[in-house]
Every structure is written in C-alpha cells, then in structure tokens.
Amino acid sequence: MVSVLHNERSCLWERRRWLLLALPLALLLGFTLVLPLCFNAYRALFTGSLAHPYGVFCGFGNYRELITDLRFWASMGKGFAYAGESSFLQVALAAVAAIGLRRMSRLSAIARCFCLIPVLIPPAATVAVFRMLFDATYGPLARAFETLVGTKPNFFSEDALLATGSVLTAFQFFPLSFLLLSERIRLIPTSLYQRAELDDLGPWRTLRVVTLPEITPLLLALFALRFCLTFGKFDVLYFLGGTSALLESVESTPLYIYRVGLTQGKLGLGAAASTLVLALVVAVFAGGYLLRAILRRARFRQLKWVP
C-alpha cells in the first residue's frame, strides 16, 4: 500500500515538474507576445494621435473605417502577393540548391558556410547594391543585359517594383531554407537511392520517386513559415519605394500600418489594422489546418473500409 502511494506521488511530481519547467517559457511568451497583442486590441477601441495617444473611446469605429478603406484591402492583396511570390522563390531556390549539392559532399559543406552571407547583409545595403547594378541609366548589369537581349530592363518601374522586392527578399533569405532542406536530404536512407540505382530509374525518376516524397512535408512547412515571416516584413519594400512617390505600388500591410499609425498619427486605426490582419491570417491558417485534418480523416476512413 505504501509503495502504491509512493508511486502515485512520484508520478504526480513528474507531471508537476514538467509544468514547472514550462512555466518560465509561458511567462516569457505571455509578457513578450500575448500581453502586447491584448494591449494592441484594446488600443484599437480608441482614437488616438501622437499628441494624444489614448484619445477617446470609439468602439468598433476604427474597424468600420478600415473595412470601407479600399487602400487597406489593396495593401492586403499586395502583402499576400509579395509574401507568396517571395516564399515560393525561397523554397524553390533552396530545394534546387539542396538537391543539386546532395552528391557533392565537400562542395555542400562549403556552400553551407557561404550561404549565410546574404542573411547577414542589411536589407538597405541589398537594395542599394541592386539599384547600382541594375539602374536603367548607368547600371553595368542593365547595360550588359541590353547588349545581350537588345532591351534595357527597368526593375524599378511602378509595375515591376513589387516583383523586384519579392526577388530581393528571396535572394536574401533562401539560405535558411537551404540549410534545413540539405539536412533533411542527408537523413534520407541511402538504401532508397541504392534500390533506385538497381532498378535503373535514372536521376529524374529518382528525384520524383525518392527525394520529393521525403521532403514534401518539409517544403510545405517551410513555405508556411516563410510566408508568415515575409508577410510581416517591412524593410525591403520600404527601401525600394516606401520613401518615394511609388509608395502605393509597394504598400503592403506593414507599410500601410506604418503610414496610418506613425506618418498620419492615427494610432487607433493602426492598432485596429494590425489586429484585423492578425485575425485574418490566423483564420486562413486555421481553416487550412482544419481542411487538412478533414481530408486526412476522410482518407483514413476510405482506406479503413477498403476490402
């Protein structure tokens, strides 16, 4: 009887110990993430300016103004386009580099060392160097492109500026995805590749049959992660056109919040915009997760009842 009580107490202590270990992380997340989000949602219920930060209570007036503001929805569309294009390029470049360097072990180690260099470069320096190289008037690479093709590209026009920002962001941050994918490819059992060689599948069929099924879950997870991080990026688009007359062509949602909240001084409207964006993004990803769970459950039931 005493041993049974001792075992129950030890099990209870093990459970409480895990709770105690998780308590510092919960407090850290609460003070750095949950508390600012709650305060931001509270501030969205008030008007406010830089001179009078708290203003007066307006209820959902800021949200009603946002819903009727076409420029806000245009910024949402540009933000999703920018994040989607850049995230797709990041994952695609990382996958091509990781798959291409799979057999070159020494070259792969060197590439891992040098691939972090673009991440360490400040976005302002990246945009400045790209402007110097591809400037339509005196850029050396723009002149070389004109010599080869016959037309001089203008990557800084109003129509191409958002795509230029997507490419620059992808170039700067694809090495992070490359590191994760290269490590995942290294964990694929060599027996699968040996069996593919015995079956004489060839490199392309081996890629389709062996490599892609193994890394597809990670590709989807990386795309979702890079999409969330890129959607909130502010710096690249700001340095490209945020300080010029081309602001509207690159005004993603973070730039819209910056313009409304800090430039125009509408703090309550900016807080409402950020809260609404958070709710929309959470709803989209929650809907995608639920749809994935429903499809997996339906597929499981279908396989379960197959005779």
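How many residues does α3 have, and how far does α3 reach from its first C-alpha to its last?

1. **Helix α3.** The helix has 31 residues. From first C-alpha to last, α3 reaches 45 Å, close to the 45 Å expected at 1.5 Å a residue. Bear in mind that this is a predicted model. At the start of α3, Asp-69 makes a contact with the backbone: one of its side-chain oxygens comes to within 3.2 Å of the backbone nitrogen of Arg-71.

2. **Overall make-up.** The protein chain holds 14 helices and zero strands. Read from the N terminus, the elements run α-α-α-α-α-α-α-α-α-α-α-α-α-α. The chain has 307 residues, of which 32% count as buried.

3. **α3 against α10.** Helix α3 covers residues 70–100, and helix α10 covers residues 203–231. The two pack at an angle of about 145°. Their axes are 9 Å apart. The crossing is right-handed. Which kinds of residue make up the contact of α3 with α10? The contact divides into 15 nonpolar residues, seven polar and one charged.

4. The ring centres are 5.7 Å apart. The planes stand at 35°, so the pair is tilted; stacked would need planes under 30 degrees apart, and edge-to-face over 60. Phe-80 is partly exposed, with a relative accessible area of 29%. Phe-227 is buried, at 11%.

5. **Cys-228 in α10.** Cys-228 is found in helix α10. Is Cys-228 buried or partly exposed? Its relative accessibility is 39%, so Cys-228 counts as partly exposed. The cut-offs that matter here are under 20% for buried and over 50% for exposed. Along the chain, Cys-228 and Ser-87 are 141 residues apart. Their C-alpha atoms are separated by 9.1 Å.

6. **Thr-230 in α10.** Thr-230 also lies in helix α10. Its relative accessibility is 0%, so Thr-230 counts as buried. What lies 2.6 Å from a polar atom of the Thr-230 side chain? The backbone oxygen of Arg-226 does.

7. **Aromatic pairs across the structure.** A search of the whole structure finds 15 aromatic pairs. One of these joins Phe-46 and Phe-57. Their ring centres are 5.4 Å apart. The planes are at 75°, so the pair is edge-to-face. Both residues sit in the loop between α1 (2–43) and α2 (61–67), eleven residues apart.

8. Phe-46 is buried, with a relative accessible area of 17%. Phe-57 has 57% relative accessibility and counts as exposed. That class applies because the value is over 50%.

Methods
Residues are numbered from 1 along each chain as its sequence is written. This is a predicted model: local features need pLDDT of at least 70, side-chain atom pairs count only at pLDDT 80 or more; totals for chains, interfaces and linings use all residues. Side-chain values use heavy atoms; hydrogens and water are left out. Axes are lines fitted to C-alpha atoms, for helices over the stretch in contact, and angles run from 0 to 180 degrees between N-to-C directions. Helices (H or I, at least four residues) and strands (E, at least two) are DSSP runs, numbered from the N terminus. A crossing is left-handed if the near helix is turned anticlockwise from the far one by less than a right angle, and right-handed if clockwise. Ala, Val, Leu, Ile, Met, Phe, Trp, Tyr, Cys and Pro count as nonpolar, Asp, Glu, Lys and Arg as charged, and the others, Gly among them, as polar. The expected span of a helix is 1.5 Å times one less than its number of residues. A polar contact is a pair of N or O atoms within 3.5 Å; within protein, one must be able to donate a hydrogen and the other to accept it, and residues adjacent in sequence count only if both atoms are side-chain atoms. Rings of Phe, Tyr and Trp (its six-membered ring) pair if their centres lie within 6.5 Å; planes under 30 degrees apart count as stacked, over 60 as edge-to-face and the rest as tilted. Buried means under 20% relative accessible area, exposed over 50%, partly exposed in between (1.4 Å probe, protein chains only).
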